[in-house]
Amino acid sequence: TIMKKFLPAAEALLEMIVVHLPSPVAAQKYRVENLYEGPKDDEAATAIRNCNAEGPLILYVSKMVPTTDKGRFYAFGRVFAGTVKTGQKVRIMGANYVYGKKEDLYVKSIQRTVLMMGRYVEPIEDVP
């Protein structure tokens, strides 16, 4: 359309993000204090600070997306450290979790690892 040629908003927005926002590697060095409530010198904090794919898994689930299977959801989130793999056992800390306590803490297995690209869902092996 004429407006897309005159004002390519998607391209302009993407370029602004790339040019003006820091990379995760740079940003997590100073954002770890806001991202992690535990001790700032432990293994998890260090892995977050360094974006370490070999460190412990630190994942923030921001949205639960319903699947075509009734009662199932995709946990949509961002990996801050570690690698997510299908079949991996993870500790899920709910909204009421307090560091060092067992309340609102669950251990579950990751059933599927997928990459969501718009309306398409692509199964993948792992996500660093």
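Predicted model: local features only at pLDDT ≥ 70, side-chain atom pairs only at ≥ 80, totals over all residues.
Q: Which residues of helix 3 are called buried, and by what cut-off?
A: Ala27, Gln28 and Val32 are the buried ones, a term that requires under 20% relative accessible area. Seen down the axis of helix 3, these buried residues fall within an arc of 150°, so they line one face of the helix.

Q: How do you know that helix 3 falls short of the span of a straight helix?
A: Helix 3 (residues 24–35) has 12 residues, for which a straight helix at 1.5 Å a residue would reach 16 Å, whereas its end C-alpha atoms are only 12 Å apart.

Q: What puts the buried residues of helix 4 on the same side?
A: The buried residues there are Ala44, Ala45, Ala47 and Ile48. They cover an arc of only 160° around the axis, and therefore they sit on the same side of helix 4. These residues pack against helix 3, strand 1 (58–66) and strand 2.

Q: Which residues does methionine 116 contact, leaving aside its neighbours within four places in sequence?
A: Methionine 116, which lies in strand 6 (residues 114–117), is in contact with Val65, Tyr74, Phe76 and Val121. Tyrosine 74 is 42 residues away from methionine 116 in sequence and 9.7 Å away in space, C-alpha to C-alpha.

Note on methods. Residues numbered from 1 in each chain as written. Heavy atoms only, no water. Helix = DSSP H or I, 4+ residues; strand = E, 2+ residues; numbered from the N terminus. Expected span 1.5 Å × (residues − 1). Buried < 20%, exposed > 50% of the residue type's maximum accessible area, 1.4 Å probe, protein only. Arc of directions from axis to C-beta. Contact = heavy atoms within 4.5 Å.
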